[in-house]
Amino acid sequence: MIHLRNLEMKDVPFMLEWMHDPQIQKCFQKDMMGMSQEDAQEFCRVSAENQSKKDRGDYQDIHYAIADEQDEYLGTISLKNIDWVSGSAEYAISTRKCVHGKGTAKEATGLMLQKGFKELGLHRIYLNVLSDNIRAVRFYEKCGFVYEGEFREHIRLEGTLKSLKWFGMLEDEFEQWIKEH
């Protein structure tokens, strides 16, 4: 059983574990290999600051730690670029290699979608993923995200143009997904 909680400074070494893992990083658009302990601490500090803001319009990003029953950090899950007027946000997740293939990410995603739609009152949650990241594409489809299209050769990574697949979920689609699972 996992839960979502605010990021804490004790999470930093575990965050750096996935940030500095070349296999995990090859699936990301942003290069995290250069992230330092101080960078990760600042991310946690800013995240905690955002969590303390009570008014919806005061923040655009929320980040949570995915934690196990012993409260050990397993990954980070986020809703970013929150548009309070349109009721939309961008979903993101990254987990430590030790939990890959164990259902942790799917369980955390369900909790975050619940939070986004029910607690924050969002209407749409979306994401993009590198088109060649087949494992992630299958994961997002299993979680109920709907394929919306592809931005061909949209970003350059390590000198190569890469395409992005876009997925989204509407609140009523989440309700239907919950009933089916």
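This report walks through the nonpolar cores, the aromatic residues and the strand pairing of a predicted model.

## Nonpolar cores

Let's begin inside the protein. The largest nonpolar core has 34 residues, and those touching the most other members are Ile77, Leu79, Tyr91, Leu122, Tyr140 and Phe145.

Beyond its neighbours within four places in sequence, Tyr91 is in contact with residues including Ile77, Leu79, Thr109, Ile125, Leu127, Phe139, Tyr140 and Phe145.

## Aromatic residues

There are 9 aromatic pairs in the structure. In one of them, the ring centres of Tyr140 and Phe145 lie 6.1 Å apart with the planes at 85°, so this pair is edge-to-face. Tyr140 counts as buried because its relative accessibility is 9%, and Phe145 is buried too, at 4%. Both belong to one aromatic cluster, together with Tyr91, Phe139, Tyr147 and Phe167.

## Strand pairing around S7

Which strands does S7 join by bridges? S5 runs antiparallel to S7 and is joined to it by 7 bridges; here Leu130 has Leu164 in S7 as its bridge partner. Strand S6 (residues 146-157) is also antiparallel to S7, with 8 bridges, and Gly149 is partnered with Trp166 in S7.

S6 and S7 make a hairpin with 2 residues between them, and Glu158 in the turn has a positive phi of about 50°.

Notes. Residues numbered from 1 in each chain as written. Predicted model: local features only at pLDDT ≥ 70, side-chain atom pairs only at ≥ 80, totals over all residues. Heavy atoms only, no water. Core = buried A, V, L, I, M, F, W, Y, C linked by side-chain atoms within 4.5 Å. Buried < 20%, exposed > 50% of the residue type's maximum accessible area, 1.4 Å probe, protein only. Contact = heavy atoms within 4.5 Å. Phe/Tyr/Trp six-rings, centres within 6.5 Å; stacked < 30°, edge-to-face > 60°. Pairing = 2+ DSSP bridges. Helix = DSSP H or I, 4+ residues; strand = E, 2+ residues; numbered from the N terminus.
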